[in-house]
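This report describes selected features of one protein model. The sequence and structure are shown first, followed by notes arranged by topic.

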Amino acid sequence: MKEQENSNIQSVYFVGAGGIGMSALVRYFLRKGYAVGGYDKTPTALTTQLQEEGAQLHFEDNVELIPDAFRDVDTTLVVYTPAIPADHAELQYFRANGFRLQKRAQVLGYLTEQHRGLCVAGTHGKTTTSAMTAHLLHQSHVDCNAFLGGITKNYGTNYILSEESDYVVIEADEFDRSFHWLRPWATVITSTDPDHLDIYGTKEAYLESFRHYTTLIQEGGALILHKGLEMKADVPEGVTIYTYSRTSGDYCARNIRIGGGEIIFDFVSPRGVVKDVPLGVPVSINIENAVAAMALAQLAGATDEELRDGMASFQGVDRRFDFKLKTDHVVLLSDYGHHPKEIEQSVRSIRELYQDKKIAAVFQPHLYTRTRDFYQEFADALSLLNEVYLCDIYPAREKPIPGVTSELIYHHLRPGIEKYLIRKEQVAEYVSHGDFDVLIVLGAGDIEDYIPQITDILRKRT
């Protein structure tokens with residue numbers, strides 16, 4: 001979105017306004033004083049909030065419902081997500097009438113050209129890491145703008161706006177090669193476990209996409225790369241490459257202390273050691289996320305004390321290792337994990353916290369293609385649990401694929417594990433009779449809608 005091309009824009013219309021990433025841009029343009037409207041498939045708590053903040057939204061794909069304020073081709077920008085189908089009537093209307101259309105990623109790319117972009121890419125870990133980075137900077141003297149892929153518990157939003165800071169924190173999404181629109185000043189790459197093979201086709205193409213992303217880093221910037229990734233970095237001249245991991249690399253954690261519901265570690269960087277950093281969300285999976293976030297924040301100028309205080313006060317992100325209930329009888333967590341590696345890491349972190357407990361999961365697979373490509377890996381990860389409640393696949397943007405169902409995962413779970421193949425509508429009934437100490441609800445679909453009901457059931461357990 002070049003300044004000169006969009007200087008006369010007065011209104012912005014979003015096709016897919018209620019998505020977690022799109023809604024952050026809705027809020028950005030509202031705060032900037034633009035008229036903002038749009039479409040989404042279904043009303044949610046988030047779309048209700050956007051409407052209360054001033055967005056003119058509707059939930060039927062109907063050209064007649066587009067308000068007059070968004071029908072002037074000269075003053076309206078249309079922003080859409082690649083998840084919207086090509087035959088969407090409103091999108092076709094805007095295309096046929098010569099409106100300026102830009103993907104969400106193009107708009108974020110514009111923001112990285114106007115500010116110093118601090119971006120977090122990777123198959124998994126990017127939402128928590130980018131949210132941590134944003135919090136570290138926002139509570140420091142540096143401050144930042146931020147566009148995140150989850151609702152932060154510290155701020156109750158996926159968006160931070162600063163009138164003063166030159167930094168913008170962005171979650172760099174590899175879906176549809178969206179992150180190729182970005183021009184980061186500094187970026188973390190957390191992981192490159194193959195995903196979105198419906199888009200990329202092969203593991204090699206997926207890794208190549210990350211290589212290309214590293215060519216987009218601005219001169220004088222930095223790449224903070226997780227140790228051991230298969231991808232090859234290809235940074236421009238003048239870009240510094242750093243490595244990180246939990247216990248080794250240019251950035252890492254040392255002297256890790258886990259116990260009593262706390263995790264404390266020393267943060268090691270090229271600039272020295274920040275001692276006794278407490279994790280605000282004390283699960284071991286967050287140690288690496290914290291190392292990466294602190295690296296970015298330190299490069300941007302946060303002080304040692306600000307890093308320590310920021311990590312201590314970080315409250316987490318909705319649906320990212322999100323504790324919903326803790327009683328003497330049962331623990332309930334919600335987690336957005338929808339890739340086998342994410343699920344494996346989450347389960348291992350839970351095992352570390354609750355070593356002698358019986359751990360169960362409700363899992364709703366996300367996408368037919370991802371289930372087709374990784375059903376064995378999903379089964380391996382879920383087999384680390386004692387008990388699994390496996391729901392039907394959440395299709396999101398996809399049409400069903402013959403022969404691809406949750407049964408593919410179900411039949412490859414290890415022998416001896418307690419397993420149930422159920423509809424999501426049956427979750428509450430099955431959970432009410434479940435014999436477990438810890439339950440984690442996994443998935444990126446609508447399984448989250450059942451959390452309140454599950455919470456009520458488990459709260460009554462004695």
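Is Asp276 buried, partly exposed or exposed? In this predicted model, Asp276 counts as partly exposed because its relative accessibility is 41%.

## Confidence in the model

The protein chain has a mean pLDDT of 92, and 98% of its residues reach 70 or more. Residues 1-5 fall below 50 in pLDDT, although this stretch has 12 contacts in the model beyond near neighbours in sequence. Where pLDDT is low, the predicted coordinates should not be read in detail.

## Aspartates with positive phi

Asp276 belongs to strand S15, which covers residues 272-278. Its phi is positive, at about 55°, although Asp276 is not a glycine.

Asp143 is likewise a residue other than glycine with a positive phi, in this case near 65°. Asp143 is placed in the loop that joins helix H5 (126-138) to strand S7 (145-152). With a relative accessibility of 19%, Asp143 counts as buried, because the cut-off for that class is under 20%.

## Cysteines

How many disulfides does a search of the whole structure find? The search returns 0 disulfides. Cys119 is accordingly in no disulfide, and the nearest cysteine sulfur, that of Cys144, is 12 Å away.

Cys119 is buried, with a relative accessible area of 0%. Cys391 also counts as buried, at 0% relative accessibility.

Why is helix H4 (residues 104-114) described as largely enclosed by the rest of the structure? The description applies because 9 of its 11 residues are buried. The buried residues of H4 are Arg104, Ala105, Gln106, Val107, Leu108, Gly109, Tyr110, Leu111 and Thr112.

## Packing of H8 against H9

Helix H8 (residues 285-300) and helix H9 (residues 304-313) pack with their axes 11 Å apart, at an angle of about 145°. The crossing of H8 past H9 is right-handed.

On the H8 side, the contact is formed by Ala290, Met294, Ala297 and Gln298, which meet Asp304, Leu307 and Met311 in H9. By class, the residues of this contact comprise 5 nonpolar, 1 polar and 1 charged. An α-helix has 3.6 residues a turn, so residues three or four places apart point the same way. In H8, Ala290, Met294 and Ala297 are among the residues that meet H9.

Phe321 is located in the loop between H9 and strand S16 (322-326). Its relative accessible area is 5%, so Phe321 is buried. Setting aside residues up to four places away in sequence, Phe321 touches Val281, Val283, Ile285, Leu333, Ser334, Asp335, Ser346, Ser349, Ile350 and Leu353. From C-alpha to C-alpha, Phe321 and Asn286 are 9.4 Å apart in space, while 35 residues separate them in sequence.

Ala89 lies in helix H3 (residues 89-96). Ala89 counts as partly exposed, at 27% relative accessibility. Beyond its neighbours within four places in sequence, Ala89 is in contact with Asp61 and Val63. The C-alpha atoms of Ala89 and Val63 are 6.7 Å apart, and the two residues are 26 residues apart in sequence.

Technical notes:
Residues numbered from 1 in each chain as written. Predicted model: local features only at pLDDT ≥ 70, side-chain atom pairs only at ≥ 80, totals over all residues. Heavy atoms only, no water. Disulfide = S-S within 2.5 Å. Buried < 20%, exposed > 50% of the residue type's maximum accessible area, 1.4 Å probe, protein only. Helix = DSSP H or I, 4+ residues; strand = E, 2+ residues; numbered from the N terminus. Contact = heavy atoms within 4.5 Å. Axes fitted to C-alpha atoms, helices over the stretch in contact; angles between N-to-C directions. Left-handed = near helix turned anticlockwise from the far one by under 90°. Nonpolar A, V, L, I, M, F, W, Y, C, P; charged D, E, K, R; others polar. pLDDT = per-residue confidence, 0-100.
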